[in-house]
Amino acid sequence: MRDPQECKAIDQGITRVFTLLGKRWTGVIIAVLMAQGRSHFAELRRAVPGISERMLSDRLSELTAAGLVLREVDEGPPLRVGYQLTPAGDALAPAMNELADWAARHMPEAPACPRAPAARTENA
């Protein structure tokens, strides 16, 4: 029989998953690749507003090393790099869809940004 404390411990698989997928931008990059299919670096950069080129490059390298993304260099010129999900990356679709459904049900929409006060003019 297993030790009850051992059964209360966090599953190591969950720890590994969130160590990779819990990083900022990672889930969004995967979602973009699921929606768009094979995409070039510049297309990914445009699809993920706010991400720096360095961060996108780092996250894509991590996802490639984890076997979730395939990196392919297109013949040039110009030299372009395309990224697509591997079968392991595609297998995340049910989990990503469940997370999106959960967010729709349980996370309220972000409140609207307050309007900045109108700029005063010298004549006012």
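This is a predicted model: local features need pLDDT of at least 70, side-chain atom pairs count only at pLDDT 80 or more; totals for chains, interfaces and linings use all residues.
Side chains of opposite charge can pair when their charged atoms come close. In one of these pairs, Arg38 and Glu72 form a salt bridge in which the closest N and O atoms are 2.8 Å apart. This pair links distant parts of the chain, with Arg38 in the loop between helix H3 (26–36) and strand S1 (39–40) and Glu72 in strand S2 (residues 69–74), 34 residues apart. Arg38 also meets Asp74 in a salt bridge, at 2.7 Å from N to O. Asp74 lies in strand S2 and Arg38 in the loop between H3 and S1, so this pair ties together parts that are 36 residues apart in sequence. Arg38 is partly exposed, with a relative accessible area of 33%, and Glu72 is likewise partly exposed, at 29%.

A further salt bridge joins the side chains of Arg54 and Asp58 (3.4 Å, N to O). Both residues lie in helix H5, four residues apart, which is about one turn of the helix. Arg54 counts as exposed at 63% relative accessibility, whereas Asp58 is partly exposed at 29%.

Glu62 is found in helix H5 (residues 53–65) and is partly exposed, at 24% relative accessibility. Apart from neighbours within four places in sequence, Glu62 contacts Leu20 and Lys23. The side chains of Glu62 and Lys23 are joined by a polar contact of 3.2 Å. The C-alpha atom of Glu62 is separated by 9.1 Å from that of Thr26, a residue 36 residues away along the chain.

Definitions and conventions
Residues are numbered from 1 along each chain as its sequence is written. Side-chain values use heavy atoms; hydrogens and water are left out. Helices (H or I, at least four residues) and strands (E, at least two) are DSSP runs, numbered from the N terminus. Buried means under 20% relative accessible area, exposed over 50%, partly exposed in between (1.4 Å probe, protein chains only). Contact means heavy atoms within 4.5 Å. A polar contact is a pair of N or O atoms within 3.5 Å; within protein, one must be able to donate a hydrogen and the other to accept it, and residues adjacent in sequence count only if both atoms are side-chain atoms. A salt bridge is a side-chain nitrogen of Lys or Arg within 4 Å of a carboxyl oxygen of Asp or Glu.
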